[in-house]
Amino acid sequence: MPIEGAGSTMMGNWWRVFGRERATESPAPRPAASHPVLPVDALPEPPTIPCDEIAERFFRFILNQPVSAGDSPNKPREQAILQRLRDQCDSGRFDIRSLPRMPTVLPQLMRAMKNDKLSGAQLADLIRRDPVLVGEVMRVTGSVTYRTAHPIGSLQHAVVLLGQIGLRHVVTSYVMKPILMASTGANGQVVGQRLWDHAERCGHAAVYLSKGQCDAFEAYLVALMGYSGLGAVGRLLDRELQHTELPASSSAFIEECVQLAAQLTVQAGQHWELPPTVQEALIEHAQHGSAALTLPMSRVLHVAQRLAMYQLLTEQGLLDRDSGYGNDPIATFPPQLLARCRQDLRQSFDAQ
C-alpha cells in the first residue's frame, strides 16, 4: 500500500482520535434496509476465527511466507534455518548497531513533550538540533491539513500550529517509519512496508484504547515499536533463503521467528532509550506473549495489535470482513469498546 502523501491523511486521523474534540458517542445508525428484517435469532452467525489463527496469518503475511502451514518434510531445513537465526539474534552476538539510527534528540524531545509548561520556542530550539526533523515539521505544517491564510514564517510558528499532540505524532512517525522501512533486499522491502502499514493501524487503535488505562502518547509509541524486531528477522530470513522460498513453512517455524523478533524488539527499545514504561511493556510481551499480561500498557498493546492485524488482513483480502474473531483470554476490554475501535479503524483506513 503506497504511503507517499499519506502524512496529511494520517494527521487528520490522529486529530480525530486523539483530539479533545473527538465525539464519544456511537456512530449514527444506518438507514433501515429496504428488504424484510429477519429476527435476531434467525440471522446466520458470522464465522468465527480464533485470534491465534488470525495472528499466524498476519505473521506469514508480514514475513512474506506461504500462507498455509507445512508438513514434516520441511522440518530439517526449518530447524537449520532457525538455529542460524537463534545464533544471529543472540543478545551477545546481534550487532545492535546494525539497526537504523535513532535521532539523538529524540529522548530529550519525548521528555519535553510531556511537559505542558514548555513553550513553543523551547520545543523549537530542541527540534532545531536535527535538520531532518526540522524539514519534516515544516513539510507537515505546509500540507493542506494545516494550510493557513498566512505563510508559516518560522519553525516556532510551525511548532505552535502543530500543538503538543500534532508534534508528538510527527516526531514518532518521523522516527519509526524509517526504522520499520529500513531493509535490504527485495523481501526486506516488502516486510518493511507491511510493518509500517500495521504500525499505523496499531498506533491508531492503541490511542483509542488507552483512555483510562495508560498515557496515550506512550501507548502510541509502544504500538509503533511493538513489532520492530520483525523487520530484523525478515532481513535475516531474506539472507538465509537467498531469495528462494521455504515451501509451506510450519506454524512452529513462524512462532519461533516471532519469539526471536520479540527479543530483538526489547534490545532495540533498550538501545534507543525509550521511556521505561514502554520498555517494560515490550519486555512483558517478549516474556509472556499473549498470556499473563499485567501492565495496562501491555494489555493495550496486545489488543491494539490484534485489532490492527484484523484490519490490515481484511484490507488485503486475506480475511473475510464479515468474520468474527474468537475471544482472547487477556482482552479484558468491554466488547462494545472493541467494536467501536474496529469501526473507527475501518473508517480511518479502508479508504486509503
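Analyst: Asn 64 sits in the loop that runs between helix H2 (51–62) and helix H3 (75–89). The model is a predicted one, and in it the phi angle of Asn 64 is near 60°, a positive value in a residue other than glycine. Asn 64 has a relative accessible area of 35%, so it is partly exposed.

Glu 273 is found in the loop between helix H11 (251–271) and helix H12 (276–288). Its phi is near 55°, again positive in a residue other than glycine. Glu 273 has a relative accessibility of 55% and therefore counts as exposed.

Now the helices around these loops. The chain holds 14 helices and two strands. Of its 352 residues, 50% are buried. Among contacts between residues at least 6 apart in sequence, 76% join residues at least 24 apart.

Two packed helices are described by the angle between their axes and the distance between the axes. For helix H13 (residues 296–315) and helix H14 (residues 335–349), the angle is about 45° and the axes are 10 Å apart. H13 is therefore oblique to H14. The crossing of H13 and H14 is right-handed. On the H13 side the contact is formed by Val 303, Leu 307, Ala 308, Tyr 310, Gln 311 and Glu 315, and these meet Leu 338, Cys 341, Arg 342, Leu 345, Arg 346 and Phe 349 of H14. By class, the residues of the contact of H13 with H14 are eight nonpolar, one polar and three charged.

Which residues does Tyr 310 touch, not counting those up to four places away in sequence? They are Ile 54, Leu 319, Asp 320, Arg 321, Ser 323, Gly 324, Tyr 325 and Arg 342. Tyr 310 itself lies in helix H13. Its relative accessible area is 3%, under the 20% cut-off, so Tyr 310 is buried.

A search of the whole structure finds zero disulfides. Cys 202 is in no disulfide, and the nearest cysteine sulfur to it belongs to Cys 341, 9.6 Å away. Likewise, Cys 341 is in no disulfide, with the sulfur of Cys 202 as the nearest cysteine sulfur at 9.6 Å. A disulfide requires the two sulfur atoms within 2.5 Å. Cys 202 has 0% relative accessibility and so counts as buried. Cys 341 has a relative accessible area of 1%, and it is therefore buried.

Another helix pair can be described in the same terms. Helix H5 (residues 120–127) and helix H7 (residues 155–181) pack with an angle of about 95° and axes 9 Å apart. H5 is therefore roughly perpendicular to H7. H5 contributes Gly 120, Ala 121, Leu 123, Ala 124 and Ile 127 to the contact, while H7 contributes Leu 155, Gln 156, Val 159, Val 160, Gln 164 and Leu 167. The residues of the contact of H5 with H7 divide into eight nonpolar, three polar and no charged.

Key
Residues numbered from 1 in each chain as written. Predicted model: local features only at pLDDT ≥ 70, side-chain atom pairs only at ≥ 80, totals over all residues. Heavy atoms only, no water. Axes fitted to C-alpha atoms, helices over the stretch in contact; angles between N-to-C directions. Helix = DSSP H or I, 4+ residues; strand = E, 2+ residues; numbered from the N terminus. Parallel < 35°, antiparallel > 145°, perpendicular 65-115°, else oblique. Left-handed = near helix turned anticlockwise from the far one by under 90°. Contact = heavy atoms within 4.5 Å. Nonpolar A, V, L, I, M, F, W, Y, C, P; charged D, E, K, R; others polar. Buried < 20%, exposed > 50% of the residue type's maximum accessible area, 1.4 Å probe, protein only.
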